[in-house]
Amino acid sequence: MMHLLTLKLKSIPRFRVDLSPITPDQLGKKNLQEICSIRLESGNQKICVGDLFNVSGSESNHIVIKDSCDKLDRIGQNMGTGAITVHGSVGSYTGFGMRDGRITIHGNSGDYTASGMKKGALEIRGNAGHFLASAIPGDKYGLMGGIVIINGDAGDRVGDRMRRGTVLIEGNAGAYCASRMLAGTIAVMGKTADFTGFAMKRGTLILRNAPDSMLATFSDCGNHDLLYLKFLFKSWRKLHSKFSEFPAQVRVQRLMGDRACDGKGEILICQDT
Amino acid sequence: MIINGVTIDDAFAEAFGMKATRVIITAHNLKWAYHSAIAMTGFATSVIGCDCEAGIERKLDPEETPDGRPGASVLLFCVSASKLTKQLEKRASQCVLTSPSSALYAGIESDEPLPLGKFLRYFGDGYQSSKMIDGRRFWRIPVMDGEFLCEATTGMVKAIGGGNFLILAESLGQALTACEAAIEAMRKIPNVIMPFPGGVVRSGSKVGSKYKSLPASTNDAFCPTIRGLTHSEISPGVESILEIVIDGLTENDVRTAMRVGIMAVCKLGSANGIKRISAGDYGGKLGQHDFYLHEILS
């Protein structure tokens with residue numbers, strides 16, 4: 001019987017660790033000894049996997065990381081297949097440039113989660129840090145595909161320069177949600193903070209609750225029953241998320257902007273739900 | 001072969017390879033879905049003069065449509081992919097986009113996509129937006145009653161056009177009654193349309209004409225009023241002949257529809273004035289698909 005490849009953190013590392021070499025596609029058919037000898041960047045040093053983790057199991061298509069902490073960065077970076085499940089919190093850049101597969105974090109994630117992600121599914125069972133699904137400085141786009149589900153809250157600047165894909169936040173989102181957004185869909189079940197939709201160009205931000213304040217550069221386009229939402233909400237029904245319970249059809253108030261930058265993004269505020 | 005007193009000729013229907021697509025039109029209610037579907041399939045009886053053969057395949061209940069509203073599935077057939085692309089674009093833009101509360105979706109999957117909302121979106125004048133949901137791209141075009149939702153592409157498949165059979169009856173009334181019975185039965189068959197008015201054509205044609213500019217002309221061999229002048233194939237006692245033309249997605253679909261239609265006619269039998277069933281061919285030289293009546297009915 002094959003056991004999932006399991007990496008159990010021995011102790012919290014002194015410096016941040018770049019875990020990007022630990023993905024199902026890169027481990028391939030490596031044996032335990034080879035996996036333990038992989039050298040990871042940590043501060044200005046290198047540290048072997050075997051020194052950092054107790055490694056067991058052999059099924060590298062599904063990697064389990066136990067007792068994780070927020071110093072483990074770049075989990076699932078550029079991953080193209082398989083699954084990674086993490087028990088505990090993780091650092092920044094989780095799922096960065098992810099090409100496919102599934103990452104599940106049973107804890108919180110740091111900043112720039114799902115940045116540059118192209119396909120697959122990323123689920124954070126806790127909270128996400130700032131710049132969720134956003135572009136890192138110098139990059140053109142944030143999220144470029146796939147689906148990101150946050151069971152808890154997200155920090156500021158969710159979906160900054162997001163290009164495609166879906167972000168579902170069951171809790172609250174911080175300030176500048178959907179700032180400079182280019183396309184795709186963000187939905188927030190809780191509240192959003194100030195400057196929602198700042199410099200938004202295109203894309204959709206669905207809010208279950210109206211924000212306390214809206215930018216003056218968004219124009220109210222009235223209340224509507226939008227047919228495409230039926231398809232969108234139906235596509236959420238299969239998800240392991242509160243969003244699966246979204247009603248089949250919701251009347252929405254449509255605000256468009258950000259007109260300060262000639263944007264045609266839409267903020268849809270759910271009515272009578 | 002004789003069924004219920006009706007003689008089945010040892011003849012075959014000669015059909016042609018075509019390109020086809022299916023689209024699904026939905027609307028606020030069935031009435032408006034049909035307004036749109038009827039418009040979209042208008043002036044589409046024959047590729048000879050319309051460039052397209054189209055028809056409503058069937059009504060769709062809300063649980064059968066992508067958006068849970070009542071609708072209709074429409075099949076369109078053309079002789080080439082380029083003609084089908086053009087016809088689909090024109091008919092979608094003039095007949096569906098314009099129709100209140102309508103939405104338009106792909107009705108068939110294939111590796112060969114045909115643009116649907118891909119071109120129509122430009123009507124949005126920059127206010128259109130797209131949404132990719134579960135791997136399907138939809139275009140949202142702002143219109144005066146809200147939004148016209150249209151899938152970006154639909155599929156194109158190889159198909160067959162020109163399956164047919166002729167009903168030879170003692171009178172026009174009896175021929176019409178037989179055709180109505182046949183069409184009613186054939187409309188229950190999926191993947192086929194009968195593109196002529198009411199599913200029936202009275203002006204069956206032959207290839208060519210004495211007039212050089214015409215590609216087709218009247219099928220004089222089956223015209224009762226000139227039976228004395230031509231090499232007539234009309235048997236004594238026959239006064240009226242009508243034809244049913246069938247376009248289908250596969251050979252089997254056409255064959256099934258022909259069998260069901262002919263059997264419905266034969267059920268009326270000679271007692272109701274039906275004398276013969278025949279089929280139209282072009283000497284077997286033009287079409288790629290031959291449907292032999294005896295083979296279909298055996």
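Start at Lys191(A), which is partly exposed at 32% relative accessible area. Bear in mind that this is a predicted model. Lys191(A) forms a salt bridge with Asp212(A), and their closest N and O atoms are 3.0 Å apart. Asp212(A) sits in the loop between strands S14 and S15 of chain A, while Lys191(A) sits in the loop between S13 and S14, so the pair links distant parts of the chain, 21 residues apart. Asp212(A) is exposed, with a relative accessible area of 69%.

Next, Glu266(A) and Arg254(A). This pair also forms a salt bridge, with closest N and O atoms 2.7 Å apart. Glu266(A) lies in strand S17 of chain A and Arg254(A) in strand S16, so the bridge ties together parts 12 residues apart in sequence. Are these two residues buried or exposed? Both Glu266(A) and Arg254(A) are buried. They also belong to a network: salt bridges with shared partners join Arg254(A), Glu266(A), Arg140(B) and Glu147(B).

One more pair in chain A. Asp25(A) bridges to Arg99(A), the closest N and O atoms being 3.1 Å apart. Asp25(A) is in helix H1 and Arg99(A) is in the loop between strands S8 and S9 of chain A, so this bridge ties together parts 74 residues apart in sequence. Asp25(A) is partly exposed at 29% relative accessibility, and Arg99(A) is partly exposed too, at 45%. Over all chains, the count comes to 25 salt bridges.

Now to chain B and its domains. The assignment gives domain 1 as residues 2-14 plus 160-297, and domain 2 as 19-157. Taken over C-alpha atoms, the centres of the two domains of chain B are 31 Å apart. In chain B, 15 residues of domain 1 are in contact with 15 residues of domain 2.

How much area do domain 1 and domain 2 of chain B bury between them? About 1,000 Å², with 68% of it on carbon and sulfur atoms. On the domain 1 side, Ile193(B), Pro195(B) and Leu249(B) lose the most area to domain 2, together 46% of what that side buries.

As for polar links across this interface in chain B, there are zero salt bridges and two residue pairs in polar contact. The elements giving two or more residues to the domain 1 side are strands S13 (192-193) and S16 (240-248) of chain B. By class, that side of domain 1 of chain B has 10 nonpolar, three polar and two charged residues.

Notes: Residues are numbered from 1 along each chain as its sequence is written. Chains are lettered from A and ligands numbered from 1 in the order in which they are written. This is a predicted model: local features need pLDDT of at least 70, side-chain atom pairs count only at pLDDT 80 or more; totals for chains, interfaces and linings use all residues. Side-chain values use heavy atoms; hydrogens and water are left out. Domain bounds come from an automatic or database domain assignment. Contact means heavy atoms within 4.5 Å. Buried area is the accessible area (1.4 Å probe) that two parts lose on being put together, summed over both. A salt bridge is a side-chain nitrogen of Lys or Arg within 4 Å of a carboxyl oxygen of Asp or Glu. A polar contact is a pair of N or O atoms within 3.5 Å; within protein, one must be able to donate a hydrogen and the other to accept it, and residues adjacent in sequence count only if both atoms are side-chain atoms. Helices (H or I, at least four residues) and strands (E, at least two) are DSSP runs, numbered from the N terminus. Ala, Val, Leu, Ile, Met, Phe, Trp, Tyr, Cys and Pro count as nonpolar, Asp, Glu, Lys and Arg as charged, and the others, Gly among them, as polar. Buried means under 20% relative accessible area, exposed over 50%, partly exposed in between (1.4 Å probe, protein chains only).
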